[in-house]
Every structure is written in C-alpha cells, then in structure tokens.
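Dear colleague,

I am passing on a structure for you to look through, and my notes follow below it. Please have it open while you read.

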Amino acid sequence: MIENNDISSLESFIYTSLKDQIINLDLLPGTKLSEMKIAKLYGCSRAPVRGAFSELRVKGYVESRPQVGTFVSKIDLDRVEEIRFVRESVEVAVLSLGIEKNLFAPKLSLLQANINEMILARNQMNLKRFTELDVMFHNILYSAVNKPFVSKYCGDNDVHYARLRFMVTREPKSLQTTTNEHQEILKLISDRNVAGINDVVFRHLHNIYNFLDRKALSNADIFVGGTQL
C-alpha cells in the first residue's frame, strides 16, 4: 500500500520533472500530455500524475480542454510584453540607484566573473547554464541595492517569459548579444555612467522581439497573443 506521504513525494517529483521539461522546451507548447503514459513512465498510478497536472495548471504550465485533454500551454506574448515593460522600469531604477550611490563597487569582480562564465557556457553551447548565469547576473544587481525581492516581478519564474528567453538562448547571435550587453552594463557601472542606462536596458530587454522578428513567428503555432507587440 502506498502511503499518503509517498504519493505526495511522487506527485512533487512528477510536477518538478514536467515543469523543467516545459521550461527547457523539451515539451513544446501545444504538446498533448497523457496521464496514462506519464503514469506508466514513472511506474505509478494516475493519482499523483493528476495531482501534478493540477499544480501545473494552476501555475500556467498546462491547460485543460474539456473532452479533449491536457496540453502544454502556448507562450502568451501579451504576458511576455507586460513582464518586459515592468522589468525595464525595474532595471533602470536599480541601475540608477546603484550607480548614484556607488552600491555596485563591491560586486564588480563578481559581475565580471559571471560574464566570463557566461562566455564559457556560450562557447560550449551549454544553454541551461547560460540561462542560469543570465538570471544570476541580474539578481546580483538587485541584491547589491538591497532589492532582491524585485526579481519576483522580472519574469524569471513566469512560464511564458522564461520559455521565450530560453528560445532566444538557442540562437548563437542572441548569446553573443546578451554577453556583450552585460559587459556594457558592467562598464556603465564601473564608469558610474547613469546617462547610458536607458539605452542599454531598452536594447537588452528588446532582444526577445528582435528574435521574434527574425525567426520565431514562423513557429506561430506555439504562441498566443501578441496584440501589444
């Protein structure tokens, strides 16, 4: 007999596994998910799979269609734009505050080390590590100005924004652009140059749209929305 805590642990494991596959695009937007097949894969009943689906649904990773099934949610471009808009305001404010009060000085070597690691991950095409380091770079900035909580508003945990950003990191041109712009941001910080902040942040956060213009809309079946673009 499977105890309740065992079912709960298995449900949590299946949830985490599916969430990671969705974020990393191993499960593409629009993919139909089968409770039966996943239960068979993990050697369990359908109960913990159903529980995992329920949690994924609440957090926007999947959607259910009555009498049809459960599907990986498509990337909502309107949601992405809302996050980009908020993030641009936050990052300009964070950089302005940090530069004006010289709060980034103790973090300069850490930020450069982060960029160096990003370049290494880029050269090795280690996309997961590159994305982790990208998130870490911005979190270092937020923490330096004692505003770590603002990261919750910047899309790192949003399934729509996170997946589009991961799509962007699959393109070598975007990887190069991201590392170059991080280096630009670090130079502004080192030079204590507030004047250049708006331009570099605007360019940095609009890279997702440059990517969409070049490529991604040819895969329009994985997107919804886009009215705000």
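Helices here are DSSP runs of H or I with at least four residues, strands are runs of E with at least two, and both are numbered from the N terminus. On that basis, Val86 belongs to helix 4, which covers residues 77-100, and the chain as a whole has 10 helices and 5 strands.

This is a predicted model, in which local features need pLDDT of at least 70 and side-chain atom pairs count only at pLDDT 80 or more, while totals for chains, interfaces and linings use all residues. Residues are numbered from 1 along each chain as its sequence is written, and side-chain values use heavy atoms, with hydrogens and water left out.

The C-alpha trace spans about 65 × 40 × 30 Å along its principal axes. Of the 229 residues in the chain, 47% are buried, where buried means under 20% relative accessible area, exposed means over 50%, and partly exposed lies in between (1.4 Å probe, protein chains only).

Val86 is partly exposed because its relative accessibility is 34%. Together with Phe85, Phe149 and Tyr153, Val86 forms a nonpolar surface patch with about 430 Å² of accessible area. Such a patch joins nonpolar side chains (Val, Leu, Ile, Met, Phe, Trp, Tyr) within 5 Å, taking residues with over 30% relative accessible area and no salt bridge, a salt bridge being a side-chain nitrogen of Lys or Arg within 4 Å of a carboxyl oxygen of Asp or Glu. The areas come from the Shrake-Rupley method with a 1.4 Å probe, and for residues only the protein chains shown count as cover.

Rings of Phe, Tyr and Trp (its six-membered ring) pair if their centres lie within 6.5 Å, and planes under 30 degrees apart count as stacked, over 60 as edge-to-face and the rest as tilted. That rule gives 2 aromatic pairs. Phe13 and Tyr42 are edge-to-face, because their ring centres are 5.8 Å apart and their planes stand at 85°. This pair links distant parts of the chain, 29 residues apart, with Phe13 in helix 1 (residues 4-23) and Tyr42 in helix 2 (residues 35-42). Phe149 and Tyr153 also make an edge-to-face pair, at 5.7 Å centre to centre and 75° between the planes. Tyr153 is partly exposed, as its relative accessible area is 49%.

Finally, the structure holds 0 disulfides, counted as pairs of cysteine sulfur atoms within 2.5 Å. Cys154 is buried, with a relative accessible area of 0%, and Cys44 is buried at 17%.

Best regards

How values were computed:
Patches are made of residues with over 30% relative accessible area and no salt bridge: like charges are joined within 9 Å, nonpolar side chains (Val, Leu, Ile, Met, Phe, Trp, Tyr) within 5 Å.
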